[in-house]
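I opened this model to look up a few local features.

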Amino acid sequence: MGVTGYSADTMGVISRSGFYLSRKVVVFTLVLLGALLLGVAALSSLYVRCTQASPVPSEKSNTLTRASLPFNLVPNKPLAEEKKKEVETSTTLTPDTQPSATLPSWFWDHPSLSTLGPQDHPSLSTPEPWDHPGLFASEPLDHSHLSASEPQLPLTSEPWKHPRLPSDVVPLHYDLELWIYLRPDQIQQTAKTFGGRLSITVQCVSPTARVLLHSLSLDYEGSRVLGPLPEGPEADSEQQPVGQVEVNNFWKFPEMEYVVMELNETLKPDRHYVLQFDYSGLVNQNRREGLFSNFYSDQGKKKALIASQLEPTAARAIFPGFDEPAMKATFNITIVHHPAYVALSNMPVLGTSEREDANGNKWIVTNFETTPPMSTYITAFAVCDYDYVNATERGKEVRIWARKDAIANGEANFALTIAGPVFSKLEDLFNVSYPLPKMDLIGFPILDLQAMENWGLITFDDLMLVEAKNDHPERKLMILTTVTHEVAHQWFGNLVTTKWWNDIWLNEGFATYFEYHTAKHFNPRISKFQNEFFYHYHMRIVFNEDHAMMYRTISSEVRNYTKTSEISGLFDKYIYQKGGCIIRMLSNFLSENLFISGLKTYLKTFAFSNAEQDDLWNHLQMALDNQTEVLLPASVKTIMDKWTHQAGYPVITLDMSTGRVNQEPFLLAYDKTQTSFIHNNTWNVPIVWMKNGIVQPLVWLDNSSQVFPEMQLSDPEHDWVLLNLNATGYYMVNYGQLGWKKISSMLQKDPKAIPTADRMKLFDDAFALAQQNYIDIGSALGLTKYLAKEEEAIVWNTVLTTLLQRQYFVNMNNHNIYSLFKKYFLKRLTPMWHIYSAKIRENALQDDELAILSLRNVYKAACWLELEDCLQLSREIFSKWMSDVESIKNFTLVANEVMCSGVAQGSEKEWDFLMNIYEKTALDGENNGIMESLSCSKHPRILYRYMEYALNDKLFSSEAPNIFKSVAETEIGRLVAKDFLIDNWQAVKERFGSPHLLILAESIARTTSTDSQVQELHRFFDNMLEEKERIKFNEYLQDKMDENLQNSKTVAQLAEWLKENMAD
């Protein structure tokens, strides 16, 4: 037998070398060796994980460490234990409000889902939805064992701090199930939360051990990653994925609205994986974004609905995902809802089934067909007790959904008559079919953004979709233009989507442009006055704010946006109105046929994909290059980039004596005094013009100065020139002193020789130029001499809103300005008034949309200037109302103006009548108008009483601050409000807070123009305001005094001109 190494006598160990080891030494050595081996293994594992995933972020982020449970969603700790802890600290939703469910076929086995229903989420009742102690640890993982001298990874290794998703994983398909807990018998209690289950099929583009998704205020039960999915012939089989990638860490980074999945292994490029989540979220009660609720009355009952508004970045509040416009994917959507409701989404219903929860309650499971590839922000969901009217357009069903009362009363019929034909008109125009199999349009009682173009399920505020009996006469126009705007988005925005929000004007600018371009086919007045409508609704709105020192450009650099909150700020006048204006200018100088030709190839090339500004320019350039009739001075890109990348717009100055045309950026008077500022921007300016009433060939101003001999007046006595015909160009024109006189003379001879839109633009340009010291005020006022011949109310509206500005009448006794205005303008306004006053009396304006846009301001101005016929008409109508309150509905166009005038001319009797209407809410939706009209009284005692009501009566609980402000902004009410505060400022402050008191103080102080007035107001409000508001008020007083002093100089010039020209 050979040597064993053991000695029976000593029970020790003999080494092969003969060295003797005691038992204790051997045991100690073995233990030490084992510990060392385990330590090495642990460090090796940590090293591997650290090389695959970047360090966990700061302590602001919550973390979740998971164990490996194959094919089961992995919670952080045993769910039962955690839920028990949560129940002790928060209110748990009851089984009645948290129904159970049968798992969808695509979902996974989860031990916590044994109840076959949506999960109990106690944490949803906590004030901070991000705080979920059962799922997320309070601190990130401890990495203190890593060497302090180890180099830190650069910022790029922390992609959660970047506002854009990394490109290493892209979505292909979403399987989304939403459980809407809303029940008709408990609408308040069940309209607060929802449950969700989601599988996202993704493709790995480059190796990564980390996946980032957008997520906002969602609570997670768990997550997992399956894959890689099978490839080759077996990929389409019914086999489940064999592999699973362990999720080491799952945590949130709220600052950038991300969830981060850190994986145990690296995902393989070009392979597909499935990300799965079980979660819950909150239904928004206060704002209409994400998933939100509306409460309303219908069929004599209180009802509720739940719906979605996702643009630009609210999809992440409903489901985790890749919430960027370029991350397109297909969607299979399932909605679980109460049988009393109908569920709607982007696609038609594929099928429905019944699901029973653990309590025996029945729920409907509505499955929808698969969508085409689309961005997350145009997914849409609605669960409601609605009805619809429908029609068929080219084989596709068109439905208008609304409250059942509205459908029964025919209030959706007008929208139905235009919706389908608008789709067809745009299909024919673009030669690109609408790709979805159905078209749903749905109106909500309240939708903050008025309308949203969700693909296949367009949402509207009721005001923009349904038309009640005796509604405002302009309602049809609002519905028509809103529908055409949103339908245009089905191509511009949905089919072809901007790559990133910096070019969102490609969506909104085109929708704005095609509003009236399409609406003209459905309304003869719009067809005749398309330029006037566009100018009134779009160009003059943005022109009032735009200038060269504005930070805002239509298109901007992606790097300018560092926070997701900044994206919402992009949706402003510059992408809607200015974007539409430059598209209109572009279409005009290219010619419509060439413009549409380029759009056709643009839409077909980028269908179901994404584009950026240069892609549009390229396709328009290709259309341009394929013909020879239209020639440009530079490429489309060179011309248009200046309009989209430069702020503001140019002022084009024409010297009619020489034909020289100059351009310079339009600057405010203050900016022009800043000598350190040099603005050298120029634009390629297309000038459409006419001479002596004859349209001339388009010319281009592509330098800062250029001579056009054809614009020189050869016969100064009779020749005249008008630039920017039909207001198609996005710029102002300054004609110089000689030119403005020529135009004024032409208007007096034959105002209709100049198109209506140009007459509107002339007034806006002239007074804006005068206000910013480009021309003297007399040149602008000279245009008003012809106004006795002006028959278009929309031109008068432009004049009145331009001239009758509050700053000129802060003190109506200043230079006797009110009396001079009254004498000069009543003489010119009276002929036009007589044209329309008869129609107002007969309520015969329903078909004159152009007048409808303007008559309210005309009526208000006529009564303010004390035109006796206007005052008499107001008394007549108000008297009819007092005899028959229902007759108010016959004068909806000028109802608010009549109310104000009636109260102003009346006594307590008239005021009490209107207050009684307010209390009974007899005029649904008119309360704001009534509230403001009640402040029109000229009796101090009545106004004081009104403020007392606002302070003490629960009827005015929400509107009270606005009542104080509306009273204080009237000439008499300003002094009444001041007296009211002497006795009641403490009560006002206690009820509404110091900020509202500051607003009231600023209204009272608006006439301040002397140092003594400033000091007096300082003393008056010193004890009333908190220190922060006091500082703001002091700054306001100084600024307002300076402003009023400057305006006083303008008023002096106005008064002098009016005196000199009163006889003309």
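Predicted model: local features only at pLDDT ≥ 70, side-chain atom pairs only at ≥ 80, totals over all residues.

**Entry 1: α5 and α7**

I looked up α5, residues 413–430, and α7, residues 505–519. Their axes come within 11 Å. The crossing angle is roughly 105 degrees. Angles from 65 to 115 degrees count as roughly perpendicular, and α5 and α7 are therefore roughly perpendicular to each other.

Next I listed who touches whom. From α5 I noted V422, K425, L426, L429 and F430. They meet F514, H517 and T518 of α7. I sorted the residues of this contact by class: five are nonpolar, two polar and one charged.

**Entry 2: α23 and α24**

Helix α23 covers residues 868–883, and its axis comes within 9 Å of that of α24. The two axes cross at roughly 95 degrees. That angle makes α23 and α24 roughly perpendicular to each other as well.

On the α23 side I wrote down L871, S874, R875, I877, F878 and W881. On the α24 side they meet A895, V898, M899, S901, G902, V903 and Q905. By class I get eight nonpolar, four polar and one charged.

**Entry 3: disulfides**

How many disulfides does the count come to? I get two. As a reminder to myself, a disulfide is a covalent bond between the sulfur atoms of two cysteines.

I took C863 and C870 to start. Their sulfur atoms are 2.0 Å apart, and they form a disulfide. I read -90 degrees about the S-S bond, which is left-handed. Both C863 and C870 are buried.

Then I went to C900 and C936. They form a disulfide with the sulfur atoms 2.1 Å apart. The angle about this S-S bond is -105 degrees, and the link is left-handed. I placed C900 in α24, residues 895–905, and C936 in the loop between α26 (927–933) and α27 (940–952), so the pair ties together parts that are 36 residues apart in sequence.

Is C900 buried or partly exposed? C900 has a relative accessible area of 28%, so I logged it as partly exposed. C936 has 15% relative accessibility, so it goes down as buried. The cut-off I used for buried is under 20%.

Counting bonded cysteines along the chain, the disulfides follow the pattern 1-2, 3-4.

I looked up two further cysteines for burial. C384 has a relative accessible area of 1%, so I marked it buried. C581 has 0%, so it is buried too.

Strand β8 spans residues 247–253. Why did I call β8 largely enclosed? Seven of its seven residues are buried, so the rest of the structure largely encloses this strand.

β8 is paired with β9, residues 258–267. I counted six bridges between them, and the strands run antiparallel. Which residue of β9 is the bridge partner of F253? I found Y258 there.

β8 and β9 form a hairpin, with four residues between the strands. E257 has a positive phi of about 60 degrees.

How values were computed: Residues numbered from 1 in each chain as written. Heavy atoms only, no water. Buried < 20%, exposed > 50% of the residue type's maximum accessible area, 1.4 Å probe, protein only. Helix = DSSP H or I, 4+ residues; strand = E, 2+ residues; numbered from the N terminus. Pairing = 2+ DSSP bridges. Axes fitted to C-alpha atoms, helices over the stretch in contact; angles between N-to-C directions. Parallel < 35°, antiparallel > 145°, perpendicular 65-115°, else oblique. Contact = heavy atoms within 4.5 Å. Nonpolar A, V, L, I, M, F, W, Y, C, P; charged D, E, K, R; others polar. Disulfide = S-S within 2.5 Å.
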